[in-house]
Amino acid sequence: MTTSVRVSVGGATLAVQVRGDGPPLLLVHGFPLDQSMWSHQLVAFSGWRRIAPDLRGAGASEAPPGEYSMARYADDLVMVLDAVGAKSAVCCGLSMGGYVLFELMRRHPERVRALILCDTKADADTPQGKQGRDELAALAEREGMAPVGERLLPKLLGRTTQARDQALVETVRAMVLRSPVTGVAGALRAMRDRPDSTALLGEIRVPTLVVGGAEDELTPPSVMQPMAQGIRGARYVEVPTAGHLCPLEQPDAVNEAVRDFLKGV
């Protein structure tokens, strides 16, 4: 059973898809994407209640002007969990979704039953990285999402996917192009200003799975594996022939890793 829910949070209304029954599994999408990036995961994991929101400024959620921050996103997730009656959840986030979950761990650790971190990192942006965020936000506001998509697509998907799966390339392109400019610019500035979460890794005491694509150029295995080693008891899974969007590029391998992890939770 699938239910589409509208959840009012601070200054915005979020679109949330809820599927199935059982303990909650919260799926937090990356940038500049929406809940549809979890299409393969939403139809898997029977026995779990899959909860996939569009973050503010993404997908079918409202994109209000004003401040976007990791704290705001994290507080929004708490209100989503409250709205669907979940005291805590296994929380899975990809890329920016992982940044949001680190903030959720800081602000509301009691809401996190376990963590699944996909293609993300704990480090804050470098000065060069901050400058790149500003330039991309300005580009989006000046010219719209088309040039942003052209710049990001080669980084979002692995070389194997780009060579062999043109249909998926176009699916991701369409997802990026329909992203609201206000939300995209807000998310870029929120990522620019996010705190460094490296010190937080050693404080995480919930079961944790770290999953990353072997061909990911944005958060490569050389970044993901040390992050996993910094979390006590974390399991690291590297997904072959996948880039930054491994849940879309290699869903069977990702779902198998997540399913094994959930058995232990």
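Residues are numbered from 1 along each chain as its sequence is written, and side-chain values use heavy atoms, with hydrogens and water left out. Because the model is predicted, local features need pLDDT of at least 70 and side-chain atom pairs count only at pLDDT 80 or more, while totals for chains, interfaces and linings use all residues.

Let's meet the two residues. Buried here means under 20% relative accessible area, using a 1.4 Å probe and protein chains only.

| Residue | Relative accessible area | State |
|---|---|---|
| Q17 | 15% | buried |
| E103 | 9% | buried |

Q17 sits in strand β2, residues 12-19 (a strand is a DSSP run of E, at least two residues, numbered from the N terminus). Its side chain makes a polar contact of 3.0 Å with the side chain of Q35; such a contact is a pair of N or O atoms within 3.5 Å, where one must be able to donate a hydrogen and the other to accept it, and residues adjacent in sequence count only if both atoms are side-chain atoms. Beyond four places in sequence, the contacts of Q17 (heavy atoms within 4.5 Å) include T2, L42 and R50.

E103 belongs to helix α3, residues 96-107 (a DSSP run of H or I, at least four residues). Residues up to four places away aside, E103 touches M70, A71, A74 and P195.

Now for the core: a set of buried Ala, Val, Leu, Ile, Met, Phe, Trp, Tyr and Cys residues joined through side-chain atoms within 4.5 Å. The largest one has 93 residues, and L115 is among those touching the most other members.

Key
Buried < 20%, exposed > 50% of the residue type's maximum accessible area, 1.4 Å probe, protein only.
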